[in-house]
Amino acid sequence: MSSHAIAHDHALEPPSATGIPHDKMGMWVFLCSEVMFFTGLIGSYIVLRFASPSWPHPGNTLNIWLTALNTFILICSSVTMVKALESVRNGDLGKLKLFLSMTLLGGAIFLSIQAYEYRHLLHAGFNPHVSLFGSVFYTTTGFHGFHVFCGVVCMAFVTGKAFLGKYTQAHHQGVETIGLYWHFVDLVWIILFTIIYLF
Amino acid sequence: MAEHGHPNYLTIFWILLSVTIVEVGYSFMKVPRPVLIGGLVALAGFKALLVALYFMHLKFERKALGVIVGSTLILGVILVSVGIGEHILPRP
């Protein structure tokens, strides 16, 4: 289909009944299902912890300062993501590319630090088999890490499109949609960091 | 997104950073466990709320979206509450 025909199809697209673009609404519905997914994991963690007669202090096993740094990096990447959206809305495509690249870098650094943390912990003998805490720790942080990985892959795709000049001030829904996912991943980490590392 | 003024994202960033530092410091304080957990949950909830409202622009979205997200959160709270209640409430 030619680009002219695609543009024509977009023009003919029926308006959303909710007033919210369809792809954005789709992302929100997906994020709602993700809320339930992580609620299940967090709920299981809380139930297991209540049921356990003893629970090791996370600070004795985990490197809280390293993870606090990782939390800082993820929060920074959320800021650069929202600045990327603001830039494209203002028609500043140069800053869009810059901020998307910084977000991508932030995600990659987060994953690298998490991989380093896992390697260090596994080397020290803290693995999913060693205790209930180990099992819960690797399950929750592992699933979150997988979500960050998926986010980084999608972010690379969106960043590539930005460098190819596919987004304009008028058409940039892809940037907003990946941004919603990215902020959600940040939000989940804020909660996981508190309940897994600090309790 | 609904039309709205631009929130100051850097202000939100500094608040998030400050609360994270407070959180980590607070976790090392010698306070009763329920006070510690309650405080940390409140701080994490505040940070999550800031991200949802300002970075995800939920504050400026249409009400329909708020209803959808709010319903999910209610279901989530029920899910966790049932699990906790299972251990707190006396068994028959």
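H2(A) passes H7(A) in a right-handed crossing (a crossing is right-handed if the near helix is turned clockwise from the far one by less than a right angle, and left-handed if anticlockwise). This is a predicted model, in which local features need pLDDT of at least 70 and side-chain atom pairs count only at pLDDT 80 or more, while totals for chains, interfaces and linings use all residues. Residues are numbered from 1 along each chain as its sequence is written, and chains are lettered from A and ligands numbered from 1 in the order in which they are written.

**H2(A) against H7(A)**
- Helix H2 and helix H7 (residues 173-198) of chain A pack at an angle of about 15°, their axes 10 Å apart (axes are lines fitted to C-alpha atoms, for helices over the stretch in contact, and angles run from 0 to 180 degrees between N-to-C directions).
- H2(A) and H7(A) are therefore roughly parallel to each other (angles under 35 degrees count as roughly parallel).
- On the H2(A) side the contact includes A:Trp28, A:Phe38 and A:Tyr45, and on the H7(A) side A:Tyr181, A:Phe184 and A:Ile195 are among the residues met.
- By class, this contact of H2(A) with H7(A) has twelve nonpolar, two polar and four charged residues (Ala, Val, Leu, Ile, Met, Phe, Trp, Tyr, Cys and Pro count as nonpolar, Asp, Glu, Lys and Arg as charged, and the others, Gly among them, as polar).

**H2(A) against H3(B)**
- H2(A), residues 22-51, also packs with H3(B), at an angle of about 15° and with the axes 9 Å apart.
- That makes H2(A) roughly parallel to H3(B).
- H2(A) passes H3(B) in a right-handed crossing too.
- Sorted by class, the contact of H2(A) with H3(B) has 17 nonpolar, seven polar and one charged.

**The chain A–chain B interface**
- 33 residues of chain B are in contact with 34 residues of chain A (contact: C-beta atoms, placed from the backbone, within 7 Å).
- On chain B, the elements giving two or more residues to that side are H1 (9-27), H2 (33-55) and H3 (63-88) (helices are DSSP runs of H or I, at least four residues, numbered from the N terminus).
- H3(B) gives the most, with 14 residues.
- The chain B side divides into 22 nonpolar, seven polar and four charged residues.

- Chain A averages a pLDDT of 90, and 92% of the residues score at least 70 (pLDDT is the predictor's confidence in each residue, from 0 to 100).
- In chain A, confidence is highest in H5 (residues 93-123), at 97, and lowest in H1 (residues 3-12), at a mean of 46.
- Residues 1-12 of chain A stay under 50, with one contact beyond four places in sequence.
- Where pLDDT is low, the predicted coordinates should not be read in detail.

Definitions and conventions
Contact = placed C-beta atoms within 7 Å. Parallel < 35°, antiparallel > 145°, perpendicular 65-115°, else oblique.
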